[in-house]
Amino acid sequence: SSKIRNLEVQSADDVAVLEDCTDFSLAKTISKIEEKLERGGLPDCLHDDIIPSAGNEIGAEAQIRFLKAKLRVMQEELDTVVCEYRKKDDENQNLKSRLKDTEEENSRLQRTISMQHSQTEKYKMLSQEANKKSEGLQQEVIALEKVLQ
């Protein structure tokens, strides 16, 4: 935003910009006001917070131009924040959609795993039965071989 402010200062030929206001930030101003509130209230005149000490030496028209310039900068900062908010909101919606798809995929994979697990158990049981039958048949073969000898 400082680049935007510098561009605003350079492009605003008809606006009086005070030397100590070129690094103005809406967030800084708000935090200063909040600090004053926490310490016991604001002064009777907020004029000092809006126009720096050098502002007392300039005329009313210059103060109006200065305040208009400051308003434009604040509007640009607001537009930037709104744009960032929209981007983040779009990204959030995209991530929510991806999360939903991932959860559906996870659910589908869990069902597949469950089916495969039950099939594995079924085949283990069939394998055990076949092994028992095979052992029984081997015992029978051994018994028949003894009878033949």
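How accessible is Arg108: buried, partly exposed or exposed? With a relative accessibility of 38%, Arg108 is partly exposed, where buried means under 20% relative accessible area, exposed over 50%, and partly exposed in between (1.4 Å probe, protein chains only).

**Basis of the model**

This is a predicted model, in which local features need pLDDT of at least 70, side-chain atom pairs count only at pLDDT 80 or more, and totals for chains, interfaces and linings use all residues. Residues are numbered from 1 along each chain as its sequence is written, and side-chain values use heavy atoms, with hydrogens and water left out.

**Confidence**

The pLDDT (the predictor's confidence in each residue, from 0 to 100) has a mean of 79 over the chain, and 66% of the residues reach 70 or more. Helix H4 has the highest confidence, at 95, and helix H1 (residues 2–11) the lowest, at a mean of 45. Across residues 1–22 the pLDDT is below 50, and this stretch has 36 contacts in the model beyond near neighbours in sequence; a contact means heavy atoms within 4.5 Å.

**Architecture**

The chain holds four helices and zero strands, given as DSSP runs numbered from the N terminus (helices: H or I, at least four residues; strands: E, at least two). Of its 149 residues, 14% count as buried. Among contacts with a separation of 6 or more, 61% join residues 24 or more positions apart.

The 89 residues of H4 should span 132 Å at 1.5 Å a residue, in agreement with the 127 Å between its end C-alpha atoms; the expected span is 1.5 Å times one less than the number of residues. Buried residues in H4 include Ala62, Phe66, Ala69 and Val73, together with Gln63, Lys70 and Glu77.

**The salt bridge**

One salt bridge is found in the whole structure, defined as a side-chain nitrogen of Lys or Arg within 4 Å of a carboxyl oxygen of Asp or Glu. Its partners are Glu105 and Arg108, at 2.5 Å from N to O. Because these residues lie three apart in helix H4 (residues 60–148), about one helical turn separates Glu105 from Arg108. Glu105 is partly exposed, at 35% relative accessibility.
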